[in-house]
Amino acid sequence: MSTTTKLDVPDSATAKASPAKPRRGLRGSPTLTFWLFTGPFLIGLAIFVYAPILWSLWLSFFEARFTVTPDKFVGFDNYVYMLTNEDFVGSLGTFTVFAAFIVPTTWALSLGLALLVNRLRFMRAFFRSVFFLPTAVSYVAASLIWKMSIFSGVRFGLMNTVLGWFGVENIAWLIDPNPPWYWLVIVTARLWLQSGFYMILFIAALQNIPEELYEAAAIDGAKSGWQTFWYITLPQLRATSTAVILLLLVAAYQAFDEFFNLLSKTTWGRPPLVELYYKALGESQDYGAGSAGALILTVLICAVTLLQGKIMGFGRGDESK
Amino acid sequence: MTTTIPKVRKSAPKADTPSRAGRGGGVMSSTGLYIATGVAALLFLIPFYILVRNALSTDAEITGENWKLFPTDIQWGNISELFSDETVPFAQTLWNSAVVATLHTVGVLLVCSLAGYGLARIPYKHANKVFYAVLGTLMVPTAVTFVPSFVLVSSLGWVDTYRGLIIPGLFSGFTCFLFRQYFLGFPKELEEAARMDGLGYWGAYWRVVVPNSLNFFAAMATITFIAGWNAFLWPLVIGQDPSSWTVQVALSSYMTNQTVVFHMIFMATAISILPLVFVFLFLQRWLVQGIAQTGIKG
């Protein structure tokens with residue numbers, strides 16, 4: 001269909017608009033027009049996305065300290081070094097556990113909020129806004145509020161104040177890894193920041209579930225409540241859940257902002273990206289090892305998301321449109 | 001109040017059917033539902049309360065023996081104290097964030113929408129291959145490429161510059177993908193009518209497609225602006241000198257400072273959030289629509 005119009009247009013155009021010569025040229029060749037539209041983006045993509053990836057791949061096979069144009073080829077040494085580096089491997093392990101915990105928790109909380117808000121008859125927009133508002137707050141700002149007030153290790157922190165009312169001693173939330181209370185700080189901050197966003201996705205999905213399904217279920221004698229939730233709502237949300245979990249997984253492995261800010265001076269709870277940050281841009285400026293680590297992390301993220309896709313049986317993100 | 005939100009309109013007819021109440025479970029009565037939602041809402045608002053309370057208190061009140069619900073005297077003077085402090089050029093960092101987030105948004109929308117339209121609509125035999133090349137970048141997590149990107153940008157001499165902060169982030173495969181999906185669903189008849197009137201692809205794009213897609217552009221702009229304002233890792237890496245810090249980097253530096261002045265730190269945080277709260281309140285409609293429509297954030 002579009003090809004027929006394409007053929008028609010140049011004729012009428014040449015007849016009508018003789019002064020507009022450059023426009024005729026654009027119109028004449030769809031190939032040229034295609035590159036005109038996509039060119040700026042593709043050039044940028046090549047320079048700022050593809051080139052760094054390839055450069056990184058190249059650097060990872062060289063001894064590259066304090067230089068990005070190394071000449072000493074070391075084969076897989078950087079990979080071996082990173083994979084035997086206790087800090088980095090430990091961090092990959094820790095964050096697999098972190099992802100295994102934070103992903104389902106965020107999923108459940110955002111779905112729960114969506115179910116609540118979706119059932120409200122009054123003040124629905126108000127409550128939705130309240131849960132959604134933290135989306136506008138940066139991880140840095142949230143870290144600051146969490147570290148300096150809510151989970152401040154001293155007496156005037158909010159949590160310690162509240163616990164103090166029940167006679168509990170002050171807890172050093174962030175500066176003592178035994179017991180690892182810092183996870184509570186990080187998890188609550190992350191839940192607060194992320195749930196509202198995914199709640200919006202779930203509300204949209206809930207409203208797309210055909211009402212007839214519930215009516216049919218009622219006729220078949222299904223009790224509303226857990227039964228309809230389990231047999232209708234949850235299966236109908238499958239596609240959205242898959243997308244949400246995928247996004248959460250990738251986000252969990254790429255965690256940086258709040259860890260960097262909440263735990264800056266500590267050596268525990270460092271996510272892979274913070275390890276890489278110190279490795280490549282810290283004092284050692286080891287770009288070779290840093291690049292190798294980045295590629296290892298990429299492979300891990302791809303593997304985990306593919307595994308998730310296999311388990312949840314997705315292949316296309318069609319529903320998310 | 002509710003009628004301003006498009007989503008509510010959609011569900012309004014459903015609200016009339018009695019079975020709707022059964023949705024998600026009849027486990028909870030209406031009162032129970034509102035209590036649960038109310039408690040959750042209060043928990044979600046606590047950080048905002050603390051932020052405002054601390055920003056307008058004196059340090060003595062913040063660190064005092066008993067928890068003060070609100071400051072006895074509201075300390076508006078904290079604002080001027082913050083801006084006159086010379087250790088961190090806070091006004092400069094705010095300005096940097098505004099410039100970076102705005103240009104980032106304009107640039108991303110321009111570059112990615114054009115490419116998305118080209119991929120969706122302009123017939124070219126290798127268009128699919130190009131599209132896969134764009135999709136491929138989605139597999140590589142952007143945050144992972146920061147080391148080589150930094151190397152590249154520093155060898156261009158762009159450290160500590162707006163260019164270095166903005167340009168590398170413009171080429172978002174994801175935003176391009178979202179625009180492509182959107183344009184695939186754009187009514188073809190409108191474009192064909194424009195072409196009958198003698199417009200080429202370029203003319204039809206600017207005079208017909210863009211003016212009829214302003215809602216989608218607004219949604220993308222809101223999401224992109226928020227992401228640009230809140231970005232941390234890249235500005236941290238690029239902003240070596242305090243004069244090129246964004247406000248997020250400045251906030252982060254407050255946390256690691258030796259001397260901690262609570263009321264100023266919290267005032268700075270409050271001010272850094274304020275523009276986004278405004279964006280949020282006035283553009284929430286587009287934001288919600290954008291997220292719901294695309295399903296996924298950029």
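**A walk through chain A**

In this predicted model, pLDDT stays under 50 over residues 1-26 of chain A. The model has 27 contacts beyond four places in sequence for that stretch. Residues 315-321 of chain A also stay under 50 in pLDDT. For them the model has 9 contacts beyond four places in sequence. As a whole, chain A has a mean pLDDT of 78. In chain A, 86% of residues reach 70 or more.

Next comes the overall build. Chain A has 15 helices and 0 strands. Of its 321 residues, 44% are buried. Take the contacts in chain A between residues at least 6 apart in sequence: 63% of them join residues at least 24 apart.

Residues 32-58 of chain A are 100% helix and 0% strand. The end C-alpha atoms of that stretch are 34 Å apart. Residues 237-256 of chain A are 80% helix and 0% strand. Here the end C-alpha atoms are 30 Å apart.

Now look at helix α12 of chain A, residues 238-253. At 1.5 Å a residue, its 16 residues should span 22 Å. The end C-alpha atoms of α12 are 23 Å apart, which agrees with that expectation. Where does this helix sit? Of the 16 residues of α12(A), 12 are buried, so the helix is largely enclosed by the rest of the structure. Among the buried residues are T240(A), S241(A), V244(A), L248(A) and Y253(A). The cover over the buried residues of α12(A) includes α5 (86-119), α9 (182-207), α14 (272-281) and α15 (287-312) of chain A.

The largest nonpolar core has 160 residues. Within this core, M199(A) and F202(A) touch the most other members. Helix α9(A) gives the core its largest share, 16 residues. The core also draws on both assigned domains: at least three residues come from each of domain 1 (2-59) and domain 2 (78-320) of chain A.

Finish at M199(A). Which residues does M199(A) contact, leaving aside its neighbours within four places in sequence? They are S110(A), L113(A), A114(A), V117(A), F131(A) and F132(A).

Notes. Residues are numbered from 1 along each chain as its sequence is written. Chains are lettered from A and ligands numbered from 1 in the order in which they are written. This is a predicted model: local features need pLDDT of at least 70, side-chain atom pairs count only at pLDDT 80 or more; totals for chains, interfaces and linings use all residues. Helices (H or I, at least four residues) and strands (E, at least two) are DSSP runs, numbered from the N terminus. pLDDT is the predictor's confidence in each residue, from 0 to 100. Two residues are in contact if their C-beta atoms, placed from the backbone, lie within 7 Å. The expected span of a helix is 1.5 Å times one less than its number of residues. A residue is buried if 20 or more other C-beta atoms lie within 10 Å of its own, exposed if 12 or fewer, and partly exposed in between; C-beta atoms are placed from the backbone. A nonpolar core is a set of buried Ala, Val, Leu, Ile, Met, Phe, Trp, Tyr and Cys residues joined through C-beta atoms within 7 Å. Domain bounds come from an automatic or database domain assignment.
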